[in-house]
Amino acid sequence: MFEILHHGAVNGVTGSCHQLKLASGLSLLVDCGLFQGAESIDRESGNEDFNRKQIDFPLAGIQALVVTHCHIDHVGRIPYLLAAGFNGPVYASEATAQLLPLVIEDAIKVGVSRDERLIRSVLQKLQSLLVLVPYKQWFDIAGIAGLKAKFHCAGHILGSAYVEFDLAAASSAEKHGRKKSHKIVFSGDLGAPYSPLLPAPKAPYRADTLVIESTYGDRVHESRRQRRAQLQQVIEKCLKNGGTVLIPAFSIGRTQELLYELEEIIHRVGAANTRNSGSDNVWEHLDIIVDSPLAAEFTASYRALKHLWDAEARNKVRAGRHPLDFEQLLTVNRHADHLNTVAYLKKTGRAAVVIAASGMCSGGRIQNYLKALLPDERTDVIFVGYQARGTAGRDIQQYGPRFREGKSPGYVVLDGQRVDIKAGVYTLGGYSAHADQRDLLNFVKRMRHKPQHIRIVHGDDEAKRELRQLYREMLPDTDVVIG
């Protein structure tokens with residue numbers, strides 16, 4: 001009746017790209033993401049085969065692309081897909097359709113070319129193919145009869161969705177007045193319940209076949225209250241060192257959630273100090289610096305799309321609060337200002353919190369901060385998201401604690417340069433925008449009609465194996481496989 005082929009996010013967590021192929025030979029793609037870290041090594045090339053290494057599967061019969069959300073590991077190969085000749089519709093939710101061109105433009109500038117004509121050409125092509133679809137609305141897939149789809153809120157980043165496909169049976173036989181169909185659900189990246197700004201994902205009524213991510217299939221996050229308290233405690237501890245706190249974070253999703261939580265901490269501490277006059281408030285004049293033009297654009301888009309926020313966030317706005325635009329927030333846009341900020345913080349050791357991309361430290365402005373400040377004992381680095389194998393972030397996370405443990409400093413290689421790590425290194429796992437093991441189990445448990453087949457993708461081997469075992473225990477009659 002159909003088959004599912006994977007062109008990424010099977011042996012790791014990047015490069016998400018899945019092909020739903022029907023018996024007719026027609027098919028569609030769910031996401032087309034970029035490989036990162038160690039998973040990208042065999043695809044990096046400066047010769048004419050570069051595009052073929054990125055799109056290493058035939059496009060014959062592929063009618064459409066369905067995008068779950070616009071993180072780079074889910075959409076970063078779209079320019080290569082267009083260059084390879086793809087000309088079908090690109091279906092996306094309202095917010096994803098608005099944010100996607102920003103992501104693609106940045107991806108081209110960083111990884112391909114800064115040629116303005118090329119960038120404009122790709123964006124114009126993408127805009128001509130984009131089809132905006134609201135949540136919870138069935139839509140037909142152009143060129144594929146008998147297949148329709150629906151986006152559901154996934155709670156991962158603004159606009160993120162899991163996708164429900166309804167595949168009509170080949171025969172027209174009816175049962176109880178309805179045509180037979182098969183429900184196929186692709187999870188995309190599921191968010192953690194009670195994430196800042198976003199409504200929590202709700203499980204579908206039915207899934208016959210489920211393709212599900214497993215990023216944290218072997219871990220359970222702290223509660224939101226716990227993680228906010230940890231964030232406050234770690235930053236206050238870091239500030240006692242008198243230096244800068246660096247938080248590597250992706251420009252979309254994590255940055256906005258951090259700003260939301262930091263505004264809440266500042267508001268609560270301020271209220272507490274009002275009640276207890278004379279108390280020392282390290283937050284009162286602390287600069288929160290977002291050093292990323294892309295993050296600034298995304299944050300502006302988040303504000304413009306606040307009708308998609310959850311009830312808590314909308315209530316704050318009605319009360320006169322500005323969760324993503326508060327007084328102590330400073331934004332660095334121009335590259336010259338970025339370099340000046342790095343130099344100033346290196347020279348003075350001024351207490352500040354800097355949020356900059358990329359979230360895995362594999363590129364972007366965070367690298368200049370790391371090169372300048374990692375050797376400084378006053379600096380602290382806080383990781384709030386998953387660090388893939390082979391990324392600079394994973395190396396800092398793994399080797400950074402050595403110095404504070406009384407050993408010789410670990411190091412990381414940035415832009416071919418060895419940088420010793422004397423900074424403090426912290427990891428707050430609860431700030432992941434991904435569902436944890438409990439959430440992934442609940443996503444299936446809360447379906448009224450459980451899957452007959454579960455396919456686990458988008459995770460490290462340990463996470464996939466543990467999640468597979470738990471699904472098998474929960475649903476002994478269900479076929480549960482990895483990849």
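Begin by selecting C361, which is placed in the loop between β17 and α11; helices (H or I, at least four residues) and strands (E, at least two) are DSSP runs, numbered from the N terminus. The model is a predicted one, in which local features need pLDDT of at least 70 and side-chain atom pairs count only at pLDDT 80 or more, while totals for chains, interfaces and linings use all residues. Residues are numbered from 1 along each chain as its sequence is written, and side-chain values use heavy atoms, with hydrogens and water left out.

At C361, phi is near 65°, a positive value in a residue other than glycine. Is C361 buried or exposed? C361 counts as buried, at 0% relative accessibility; buried means under 20% relative accessible area, exposed over 50%, and partly exposed in between, with a 1.4 Å probe and protein chains only.

Select S358 next, in the loop between β17 (352-356) and α11 (366-373). The peptide bond leading from A357 to S358 is cis, with omega near 10°. Most residues other than glycine have a negative phi, and most peptide bonds are trans.

**K136**

Move to K136, in the loop between β6 and β7 (139-140). K136 also has a positive phi, near 60°, and is a residue other than glycine. With 65% relative accessibility, K136 counts as exposed.

Now select L22 in strand β2 (residues 18-22). L22 counts as buried, at 10% relative accessibility. Show F2 as well: F2 and L22 are 20 residues apart along the chain, and their C-alpha atoms are separated by 4.2 Å. Residues up to four places away in sequence not counted, L22 touches M1, F2, I144, L147 and L167, contact meaning heavy atoms within 4.5 Å.

Continue to I454 in strand β22 (residues 453-457). I454 has a relative accessible area of 0% and is buried. For a distance check, I454 and D189 are 15 Å apart in space, C-alpha to C-alpha, and 265 residues apart in sequence.

**Helix α4 and its surroundings**

Finally, select α4, which has 18 residues and spans 26 Å from its first C-alpha to its last, close to the 26 Å expected at 1.5 Å a residue; the expected span is 1.5 Å times one less than the number of residues. Centre on L100, where α4 has a kink of about 30° shortly before the proline P101. The bend at a residue is the angle between axes fitted to the seven residues ending there and the seven starting there.

Buried residues of α4 include A95, L99, L100, P101 and I108. Among the elements that cover the buried residues of α4 are α2 (72-75), α3 (78-83), β5 (90-92), α5 (116-129) and α8.

To view the contact, show Q98, L99, L102, V103 and D106 of α4 with L294, E297, F298, S301 and Y302 of α8.
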